[in-house]
Amino acid sequence: MTPFLGSGIFFGHHHSRLLEFADSLPEVDGSPAFIFSTSGTGIRAARWFGRHYHRRLAELLEAKGFKVAGEFDCKGFDTYGPWGKLGGVAKGHPNKRDLQMAEQFATSVLDPLSPRDIETSNRNRHTAG
Ligand SMILES: Cc1cc2nc3c(=O)[nH]c(=O)nc-3n(C[C@H](O)[C@H](O)[C@H](O)COP(=O)(O)O)c2cc1C
């Protein structure tokens, strides 16, 4: 089993239903898993503030025995709360470039999915931020 899991980011982590789903997965022995997300700030900017948007999902998967072998993120239009009244954050995202990066990520990780290629896949950390 090779989960490819992602959602928007809500209050600093993936959607709670996705986290519940990850927690319901069976235990495995080192199978690769891939994570993606969209968020108003993007992962990189969030890190400057000490927020690690993928951490909770990654930890749940690792607790099940998965090895997170690749991650992708890009910005997504955010109209939550006060941001909405100010016109929103990351308007226009995901944009064409984000989608191209997402396609590139999916292509690169779906190709070498056999366990022996985890080392290769492990370098697949893409951000379109
Ligand atoms: C209730 C709520 C909380 C959010 N929290 C964050 C957040 O903590 N950090 C962030 O960068 N974006 C945040 N966002 C923006 C979303 O991550 C962004 O709009 C995402 O693209 C939504 O994905 P979806 O359209 O697939 O649901 C939040 C949005 C909502 C509605």
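I will start with two helices, α1, residues 16-24, and α3, residues 55-63. Their axes come within 8 Å and cross at roughly 15 degrees. That angle falls under the cut-off of 35 degrees, so α1 and α3 are roughly parallel to each other. As for handedness, the crossing of α1 past α3 is right-handed.

Which residues make the contact? On α1 they are Leu18, Leu19, Ala22 and Asp23, and on α3 they are Arg56, Leu57, Leu60 and Leu61. By class, this contact between α1 and α3 has six nonpolar residues and two charged ones, with no polar residues.

Now the ligand. How many residues surround the ligand? There are 14, and the closest are Gly8, Thr38, Ser39, Gly40 and Gly76. Two strands, β1 (4-10) and β3 (32-39), are the elements that give two or more residues to this shell. The largest share is from β1, with three residues. Sorted by class, the shell around the ligand holds seven polar residues, six nonpolar and one charged.

Last, the confidence of the prediction. The average pLDDT of the protein is 89, and 88% of the residues score at least 70. Where is the pLDDT below 50? That is the case over residues 114-123, a stretch that has 14 contacts in the model beyond near neighbours in sequence.

To recap: α1 and α3 are roughly parallel, and β1 gives three residues to the shell around the ligand.

Technical notes: Residues are numbered from 1 along each chain as its sequence is written. This is a predicted model: local features need pLDDT of at least 70, side-chain atom pairs count only at pLDDT 80 or more; totals for chains, interfaces and linings use all residues. Axes are lines fitted to C-alpha atoms, for helices over the stretch in contact, and angles run from 0 to 180 degrees between N-to-C directions. Helices (H or I, at least four residues) and strands (E, at least two) are DSSP runs, numbered from the N terminus. Angles under 35 degrees count as roughly parallel, over 145 as roughly antiparallel, 65 to 115 as roughly perpendicular and the rest as oblique. A crossing is left-handed if the near helix is turned anticlockwise from the far one by less than a right angle, and right-handed if clockwise. Two residues are in contact if their C-beta atoms, placed from the backbone, lie within 7 Å. Ala, Val, Leu, Ile, Met, Phe, Trp, Tyr, Cys and Pro count as nonpolar, Asp, Glu, Lys and Arg as charged, and the others, Gly among them, as polar. A residue is near a molecule or strand if its C-beta atom, placed from the backbone, lies within 6 Å of it. pLDDT is the predictor's confidence in each residue, from 0 to 100.
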